[in-house]
Amino acid sequence: MKKLIRLIILVVFTLSMSSCYYDQIEEVELPPGTVVEFAADIQPIFVTYGCTDCHNGTLDPDLRAGNEYSSLVPEYVTAGNADGSELYTKLANEGHAGLDNNSLALIQEWINSGALNN
Ligand code: HEC
């Protein structure tokens, strides 16, 4: 009986540990040569994820339509360096706003390819 209880504890413990792995980000590879555009690819992410429910001018960055770029660059985005950009690390490493991996890959590529207002 004691053995059975130990076994159950072990199984439950193991399962609860393995669930942590789902928190890790899987890298999404965009097709080579993908050109990411701020207007076509990045702004829609802010809309889809309702960023402006909170970032509506009272909370930085201001992500309302028309304000996003100047509010993000250069304060939260270092052109060419996604890992050094708070926008990316906040969303990718802290899981802020629960972005899907494809959206994260787009933001990463947009920053690394120069964070243009394109
Ligand atoms: C439910 C409200 C809410 C939503 C939705 C939300 N945020 Fe935030 N965000 C916050 C709060 C509150 C903070 C400040 C506290 C913190 O750093 O977590 C913050 C902080 C940030 C920061 C860091 C700001 C700083 O000065 O350190 C960035 C960048 C950011 N959010 C981007 C986004 C983006 C992009 C989205 C949408 C994909 C988003 N947020 C959606 C509430 C929200």
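Me: Two residues are in contact if their C-beta atoms, placed from the backbone, lie within 7 Å. Leaving aside its neighbours within four places in sequence, which residues is L87 in contact with?

Reply: Setting those neighbours aside, L87 has L72, Y76, V77 and I107 as contacts. Keep in mind that this is a predicted model: local features need pLDDT of at least 70, side-chain atom pairs count only at pLDDT 80 or more, and totals for chains, interfaces and linings use all residues. Residues are numbered from 1 along each chain as its sequence is written.

Me: OK. And where is L72 found?

Reply: L72 sits in helix α3. Helices here are DSSP runs of H or I with at least four residues, strands are runs of E with at least two, and both are numbered from the N terminus.

Me: Is L72 buried or exposed?

Reply: L72 is buried, because 23 other C-beta atoms lie within 10 Å. The cut-offs are 20 or more other C-beta atoms within 10 Å of its own for buried, 12 or fewer for exposed, and partly exposed in between, with C-beta atoms placed from the backbone.

Me: What is L72 in contact with, leaving aside its neighbours within four places in sequence?

Reply: P61, V77 and L87. L72 and P61 are 11 residues apart in sequence, and their C-alpha atoms are 6.2 Å apart in space.

Me: Where does P61 lie, and what is the peptide bond from D60 to P61, cis or trans?

Reply: P61 lies in the loop between α2 and α3, the latter being residues 68-72. The D60 to P61 peptide bond is cis, with omega near -10 degrees. The V73 to P74 bond is cis too, with omega near 5 degrees, and P74 is in the loop between α3 and α4.

Me: Zooming out, how many helices and strands does the chain have?

Reply: There are 5 helices and 0 strands, so from the N terminus the order is α-α-α-α-α. Of the 118 residues in the chain, 20% are buried. Among contacts with a separation of 6 or more, 56% are between residues 24 or more positions apart.

Me: What about the largest nonpolar core, which residues touch the most other members?

Reply: That core has 17 residues, and L87, Y88, L91, L106, I107, W110 and I111 touch the most other members. Helices α2 (38-48), α4 and α5 (101-112) each supply at least two of its residues, and α5 gives the most, with 6. A nonpolar core here is a set of buried Ala, Val, Leu, Ile, Met, Phe, Trp, Tyr and Cys residues joined through C-beta atoms within 7 Å.

Me: Which residues of α5 are buried?

Reply: S103, L104, A105, L106, I107, Q108, W110 and I111 are. What covers them includes α2 and α4.

Me: How far apart are the end C-alpha atoms of α5?

Reply: They are 16 Å apart, which agrees with the 16 Å that its 12 residues should span at 1.5 Å a residue. The expected span is 1.5 Å times one less than the number of residues.

Me: And what follows α5?

Reply: G114 does, with a positive phi near 115 degrees. A115, in the segment after α5, has phi near 50 degrees, a positive value in a residue other than glycine. A115 is buried, because 24 other C-beta atoms lie within 10 Å.

Me: Switching to the ligand, which residues around it come nearest?

Reply: Of the 19 residues around the ligand, Y49, C51, C54, K90 and A97 come nearest. A residue counts as near a molecule or strand if its C-beta atom, placed from the backbone, lies within 6 Å of it. The shell divides into 12 nonpolar, 3 polar and 4 charged residues. Nonpolar covers Ala, Val, Leu, Ile, Met, Phe, Trp, Tyr, Cys and Pro, charged covers Asp, Glu, Lys and Arg, and the others, Gly among them, count as polar. Helix α4 (residues 86-92) gives the most to the shell, with 4 residues.

Me: Where is A97 found?

Reply: In the loop between α4 and α5. A97 is partly exposed, because 17 other C-beta atoms lie within 10 Å. Phi of A97 is near 70 degrees, which is positive in a residue other than glycine.

Me: What is A97 in contact with, leaving aside its neighbours within four places in sequence?

Reply: Y49, C51 and L91. A97 and C51 are 46 residues apart along the chain, with their C-alpha atoms separated by 7.6 Å.
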